[in-house]
Structure formats: structure tokens, C-alpha cells
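Colleague: I would like to go through this model feature by feature. Please give the general idea first and then the case here.

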Amino acid sequence: MAAPSSPALRATRLASHGFRTRDDDAIAVVERLGAMQAQDLAAAKWAVGSRMSHPTVEAVDAAIESRRIVRSWPMRGTLHLIPTGMLRPVLAITGPRVLAQAKLRHRQLELGPAEYRTARTTVERELAGGGSATREQLAAMWSSAGLETPGQRLYHLIWWLAQDAVLCGGPVDGRVQHFSLLDEWAPAPSEAPTDRDDVLGALFAAYLNGHGPATVADFAWWSGLTLADARTALAAAGDHVESFPGGDDRYVGAGAMDAAATRPHGALALAGFDEYFLGYADRAAVCEPQFADLVVPGRNGVFQPLLVLDGRVVGTWARTGTPARPRVELRWFRPMPTDASARFHRPLGAWARFAGVALAGIDERVHRA
């Protein structure tokens, strides 16, 4: 029987995330996880790349350009990469809930139906025919239409239109992503699920396939759904999921149980906001609770890049030095064996090649309490 924080659980979770058998292409990575948080575009690219057998930025950009995955705000009102076929069905369920939660903020920003109509009419006219625009260009369009967007008004108008499946992330230019009309950038595929319970079941199965073992409460947090909807999702997923041994109400994607027989092993240098830590309500299985605030300092919502050793989060890492020849500082949660840093040379070298930089060296220290 596997305890909630057992080696078997961590081994299975490493396999679910794709760290045991890496995928060859970026689209398969996103499909495996169901969705990946992506408000930091550069970090999101490495989150995908770290799960690929031969990662390159160009391969991730090409996956976005293929329009089979798309960047938008499908869950928790937060940017994610998600398979295109699931974006509209998920937004149809999550959008009304997050928009209702945003009403007070929109009133504070003096954004109402009139401003929404102006914003939507303008982008549908200006971007029709395959156009795209940066945030700054959208602001200029709206200003010309008499709609000023200082401060948070710009972000919230883009976000509102994305919740209504009008806008989405479009072409990528380095660290900048343009916005396009969703119906033009990624027309709805005919095979996308439409029945509410079917959508919930598909999303739950996808989540467990790329995150399991996990609980219904983990899924509810990750998706931003109510616990009632999460339980409906479990029921609708049916044979696509199975119980994880241990009696603690954790589930995995069907066919994933062979990983539970292995030991968690390997060193990973993961991105900030990586799903391996972020994608759960309860993160104690992979990170000792007393160190969780070191991953999100001050609980400011900014998740630091992770050092994972044999399935456990043992520290964070940061890029220092010059842009072209950076150093990396390993920041351990507690003193580590003398050979610990050597185990991270390979994953950090993979990150450096992915980022197109020459790694000048690796330093280490222990986080201050």
C-alpha cells in the first residue's frame, strides 16, 4: 500500500509528467499534461522543453504555430497552453465562473458592457482576415476607437475577450506573443467534445494522465472548478482513470500503474511555474511543507524554478551573471551531500542549450530560513 508521500507515488508522478519517457514533440507534451500554466512564456517553453527528448525553443514555437496547442486563459483565469480542441469546451464551463468573480474588479476599472462592445467590435474588425497584434498594438487600436486602457484596463479587456473565446494567443516572436481572433487562428475542430459531462470527464482524464496520482481536490484546484464539478468529472472519466493503491483517494490515468513499481530517480532543473509543483492543491507529496514558501517567496504568486532530486523538490535555482554567459545558482532548502550539485550539471546543460546560452558555471548556497 502506497502512502501519500511514498517513493511509489513520486515515481508514478514523474512518469505521468513525462520525465521517465520523454516525448519527441512539444504538442505531445501539452496533450499529455492536459494543460500547462504559461503566464511566463519563456518559463512555459522550458516547462515543455524539459519533458522533450530533443528540446529546442524552435520546436516549442513551431508547436504553437501549428495551432494544435494554443495559449489562452482556460482555467483559474490564468494563462495556459492547452490542446486547441479543448479550449472552447473548457472555456464554456470555466469562463462564466471566472467572469462572475471578476465583476467587482471590472467595476473598479470602469469596464462594463459598453467598453466590452467597443473592444470586441474593434478587434473583430481590425484583426479580421488573419491579423494579429501585440498588447501595445491592441491598446493603440482601442485608443483610436475612443477606449483608453491605462493600467490594468488593457490586461482585463484582453482577458475578458479571451474568456469569451474571441481572442487567443497567436504567432510567437521570441519572447512576445501576438493575439489573434480565436475563430481564425484555430477554428473549432469537429471532434471536440460538447456535452458538459463529457468535457469534464475528458479534462479529468487528461489531468490525471499528466499529473497523477492526484486527488479530486487537486483537480478542482487546478481546473478552478467546484468540488461538485470535480466529482462529476471523476464519474464521467470512467475507465480512463484508476485508483492509486493506498486508500487516500488518489487516482491516476489508466495504464499508469507500472511506474509505481519503480523508484523515483534523476535530477531535474525545472521551470518556474512548473506543473510538477504548481499543479496540485496539496504539494506535500513532492515538497516538504516547511519549504513551500521558498518556492513562492512571500506567497507573491511567482513560482521559482525548481531543483528536483529523485522526485523531491530540494531547492530552487536562479540565473545570474551576464545574459550571454550566465551562471546558475543552486539554492538548496537544506545542506546537501557534496555530490548533489554534480547531478544537476546535465539538466542545467540541457536548459542552457535550450536557452541558447553558454553556461559559465554553477554556484550553490543554502536558502536562509
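Modeller: We take a sheet, a helix pair and the nonpolar cores in turn. This is a predicted model, where local features need pLDDT of at least 70, side-chain atom pairs count only at pLDDT 80 or more, and totals for chains, interfaces and linings use all residues. Residues are numbered from 1 along each chain as its sequence is written, and side-chain values use heavy atoms, with hydrogens and water left out.

Colleague: In what order do the three strands of the open sheet lie?

Modeller: Strands of a sheet pair through backbone hydrogen bonds, either parallel or antiparallel. Here the order is 1-3-2, with antiparallel pairing. Strands (E, at least two residues) and helices (H or I, at least four) are DSSP runs numbered from the N terminus; pairing requires at least two DSSP bridges. Strand 1 (36-37) and strand 2 (69-75) each have a single partner strand, so one side of each lacks a neighbour in the sheet. Two bridges join strand 1 to strand 3 (residues 78-83), and glutamine 37 has histidine 80 of strand 3 as its bridge partner.

Colleague: At what angle do helix 11 and helix 12 pack?

Modeller: Axes are lines fitted to C-alpha atoms over the stretch in contact, and angles run from 0 to 180 degrees between N-to-C directions. Helix 11 (residues 196-211) and helix 12 (residues 216-223) pack at about 105°, their axes 11 Å apart.

Colleague: Which residues have the most contacts inside the largest nonpolar core?

Modeller: Such a core is a set of buried (under 20% relative accessible area, 1.4 Å probe, protein chains only) Ala, Val, Leu, Ile, Met, Phe, Trp, Tyr and Cys residues joined through side-chain atoms within 4.5 Å. In the 37-residue core they are Val48, Trp317 and Phe344. Helix 3 gives the largest share, six residues.

Notes. Buried < 20%, exposed > 50% of the residue type's maximum accessible area, 1.4 Å probe, protein only.
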